[in-house]
Amino acid sequence: MSRLLEARGLCAFYGATQVLFGLDLSIGEGGITTLLGANGAGKTTTLRSLSGMCRISGDIVFESKPTVGLSTEDIVRRGIAHVPQGRGTFSRQTVEENLEIGAMTRRDRKAIAIDVERVYGYFPRLKERHRQQAGTLSGGEQQMLAVGRAMMLRPKLMLLDEPSFGLAPLIVEELFGILRTLNRTEKVSMLLVEQNAALALDLADDAYLIETGRLVTTGPARQLRDDENIRRSYLGY
Amino acid sequence: MLLRPTDTREPLVATIAGIPMTTWRLTALGIGLVVLAVIPFVMKNFYIFQITLAIIYAIAILGLNLLTGFNGQFSLGHSAFYAVGAYTAAIMMDRCDIGYVWTLPAAAIVCFVFGFLFGLPALRLEGVYLALATFALAIAIPQMLKSSLVEHWTGGVQGITIIKPDAPFGLPLNSDQWLYAFTVIVAVAMYVCAGNLVRSRTGRALIAIRDHPIAASAMGIDVALYKSLTFGVSALYTGVAGALGAIAISFVAPDSFTFTLAVALFVGLVVGGVGSIPGTLVGGFFVLFVPNIAESVSKGLAGAVYGVILLLVIYLMPTGAAGLVRLISSRLVQQGRTGG
Amino acid sequence: MELFAHQILAGLATGGIYACMALAVVMIYQAIDHLNFAQGEMAMFSTFIAWQLIQWGFPYWVAFGATIVISFAAGVVIERVVLRPVHDAPVLSHVVAFIALLAILNSAAGFIWDYTIKSFPSPFGGGAFLGQGLMSKHDAGMIGMTLAMLVLLYLFFRHTRIGLAMRAAAANPESARLAGIRVGWMTALGWGMAAAIGSVAGMLIAPVVFLEPNMMLSILLYGFAGAVVGGLTSPGGAVVGGFSVGIIENLAGTYIPVVGREMKLSIALCIIIAVLCVKPSGLFGRPVVTRV
């Protein structure tokens, strides 16, 4: 059974500094995988590497086709949507324009319109504000918009970088519930980077734990959640 | 971009003017000084004159560097300060019969005040808007110099001619040689001051303002005061260069100080390396010699040749000559480290 | 009073030139986030191309259209080829690249077509507009075309997908890439459009100021001034700014006694700086608020 995304020996560099040291990742179709670790462990760098946004060495294969060397735009067009840290909102454009931007690579006008409504279905608050400038939305709403924008791509894999960052617990719960629904109903596989380990392990099927650019352990989320040692040493609870 | 303490593990031999010196740097400095000393005796007058001008431009670019490179305020109008300095010198020498040596401190003071006063309203302008405002200044100054209102002092369109000074104390040097020496002395003094300024607390404040003005003010730096003072100091440097230029060329006229000069100074800044003090020397020589080279390649297409050379320079050294040197030396350090 | 009205109209007429140029400046600014100092020379060069086509016998409107297309293509090529290598360089290096471009275009135009002043035809015919010598037909036509371009641009940016993609690419290039937008090509498209608009500006201005390689510099400056006064984020503001600059320049020249012809430019610029001191992001610009 081939996996949706596989990375082998992934090393990443910012200038002369090496940040990832030979990471191996394997993400199966249909599930939610979470990537955990402390601050500075290299989680965001991993996602950026998968999206072609930093200098890397190693192999990355998506749907059996290599993606190393492709530009970010081309990787996105292959079906990987990346919800970046800080949401990446187009602040000066309206909510609806943000969603349209998300669908920019598609040509099927009618289906795009249907998808916009679908996103509003998951995030009714966005519909209320659809003519508002996106920069004026609250943090939680911008996060939902970012996820909605990614959904407009009809991606096979969604990368999410710390979606809970700066959000109130109630909003995070709501958001994660929607993520679960998206995963099950829309069949979007997800790779979720999170600092909030408890929440992530609750949501995810599989987990990876990294520290200073190296893999510490991997396994089913349930397993990591139940492992006292790992929780105490790496996840802080 | 300060001269970094080197990480080549070479022993520090001395510290000159606050700059950590390795054997490498000391040798380079030594050679430089020897070359400087020898020039007036081995080269023809015209070349000595050109080198003098190049050094003068370097000082002007140093002024611009203090403002744009170290303090992040974008100026496309430094020809204005150069002009004010030049005219101050010319008016003092021709209309008031004051010796050339005194024109330098006078130009310094006048330009400092002028720069500071311009810096005050400029505080509200950022980036592109500031560039435009300074550019407007550069355009306005030659026009104002030509105006009939001040013709009596400025000589209007014709400008002012002044007499080239001779070597003092009966030294066996001709005019060009003496002016060269004079310029070098002034230049050394000004460069040392600039180096000290940049390395001092004040210098760090300037750089902090450039990099993150909000954080800087949160740390208690009076951003407005520093920015205006920097404008003043920057204008001072360029103004002194202007005065030196006037003395060296023996002539000032409004059309010598158009925006073309402002653009040239800016180009010199970038080519030398923004934020690099030694880079300004490269900038000065570039500004003086490259247009001449372009003209000698093709009279009719001089501008086009200059443009092409400029593009090539920017392609090869996007962060200027200083940036290239930094890149090469860090590569060498890396190779040294990996035992390659 | 009649003199005043006359000066206002005359200011509107010259302002039309500045408004057109300001529009091109804002276009490019929206696409690449800095001012292109070579904009004027690009417009000038395009106008020379049009002139050459007319010399070779092509009818005016054919030359007009062809020049727009050629300028568009040239703008795209310049971005993709000449500016590619400085893409990742700091802003100041970009400015130097623009300066280099300016020097090349200016010199090349002088070399190919020499520096003698040439006349350039106006498609609107000579003579007065609405009689009484308040405004010439050409001035009116120029204003009309500028406004028409403004409307077209507005429709393009607000109501087409590609317009949205361009806005997205300029506003947030990284997020735009993550939406699959080819940011590099969007920027190139922006340059092409700016070059095309610039060429129209040049072809409209040339009949008034006569065609020679150095014609555009002061006009570019007024164009910048107009764009800045209007606010660099607003094409409509740029047009209003351009007209305002024309009017201010004319009024200053007429009513402020100190100002002779040579000082008109300085006074106008001083007034612009004054506006900026009061409203740093221009009359219609939206101050960009960034979170610390």
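## Chain C against chain A

In this predicted model, chain C and chain A meet through 19 residues of chain C and 28 residues of chain A. About 2,000 Å² is buried between chain C and chain A, and carbon and sulfur atoms give 56% of that area. Of the area that chain C buries against chain A, 35% is supplied by R161(C), L178(C) and R182(C), more than by any other three residues.

There are 4 salt bridges between chain C and chain A. R48(A) forms a salt bridge with E174(C), and the closest N and O atoms of this pair are 3.8 Å apart. The interface of chain C and chain A also has 7 residue pairs in polar contact, counted where both residues have pLDDT 80 or more. On the side of chain C that touches chain A, the elements that give two or more residues are α6 (161-171) and α7 (173-178) of chain C. The largest share, 6 residues, comes from α6(C). By class, this side of chain C divides into 9 nonpolar, 4 polar and 6 charged residues.

## Chain C against chain B

The contact between chain C and chain B takes 40 residues from chain C and 39 residues from chain B. Together these two chains bury about 3,500 Å², with 83% of it on carbon and sulfur atoms.

What is the count of salt bridges between chain C and chain B? The count is 0. Polar contacts between chain C and chain B number 4 residue pairs, with both residues at pLDDT 80 or more. Four helices of chain C, namely α3 (60-82), α4 (91-113), α9 (216-230) and α11 (264-278), each supply at least two residues of the side that touches chain B. The largest share of that side is 12 residues, and it comes from α4(C). The side of chain C that touches chain B has 35 nonpolar, 4 polar and 1 charged residues.

## The four-stranded sheet of chain A

Chain A has an open sheet of 4 strands in the order β2-β1-β4-β5, with antiparallel pairing. Since β2 (17-27) and β5 (65-66) of chain A stand at the edges and each has a single partner strand, one side of each is left without a neighbour in the sheet. Helix α1 (residues 43-50) of chain A packs on this sheet, where it touches β1, β2 and β4 (55-62) of chain A. The direction of α1(A) makes about 70 degrees with that of β2(A).

Strand β1 (residues 5-14) of chain A is joined to β2(A) by 7 bridges, and the two run antiparallel. Y14(A) is opposite T17(A) in β2(A), and F13(A) is opposite Q18(A) in that strand. The hairpin of β1(A) and β2(A) has 2 residues between the strands, and G15(A) takes a positive phi near 65 degrees there.

β1(A) also pairs with β4(A), in the antiparallel sense and over 7 bridges. In this pairing R8(A) stands opposite D59(A) in β4(A). The pairing of β4(A) and β5(A) is antiparallel as well, over 2 bridges, and P66(A) in β5(A) is the bridge partner of V61(A). Between β4(A) and β5(A) the hairpin has 2 residues, and E63(A) takes a positive phi near 50 degrees in this hairpin.

## The six-stranded sheet of chain A

Another open sheet of chain A has 6 strands in the order β6-β7-β8-β3-β9-β10, with mixed pairing. The edge strands are β6 (80-83) and β10 (214-220) of chain A, and each pairs on one side only. On average, neighbouring strands of this sheet are turned by 15 degrees against each other, direction ignored. Strand β9 (residues 206-211) of chain A pairs with β10(A) in the antiparallel sense over 6 bridges, and Y208(A) stands opposite T218(A) in β10(A).

Two helices of chain A are described against these strands. Helix α6 (residues 139-151) of chain A lies across β6 and β7 (157-161) of chain A, at about 170 degrees to β6(A). Helix α10 (residues 228-235) of chain A lies across β3 (32-36), β9 and β10 of chain A and runs at about 45 degrees to β9(A).

How values were computed
Residues numbered from 1 in each chain as written. Chains lettered and ligands numbered in written order. Predicted model: local features only at pLDDT ≥ 70, side-chain atom pairs only at ≥ 80, totals over all residues. Heavy atoms only, no water. Pairing = 2+ DSSP bridges. Contact = heavy atoms within 4.5 Å. Axes fitted to C-alpha atoms, helices over the stretch in contact; angles between N-to-C directions. Buried area = accessible area lost by both parts, 1.4 Å probe. Salt bridge = Lys/Arg side-chain N within 4 Å of Asp/Glu carboxyl O. Polar contact = N/O pair within 3.5 Å; in protein donor to acceptor, adjacent residues only side chain to side chain. Nonpolar A, V, L, I, M, F, W, Y, C, P; charged D, E, K, R; others polar.
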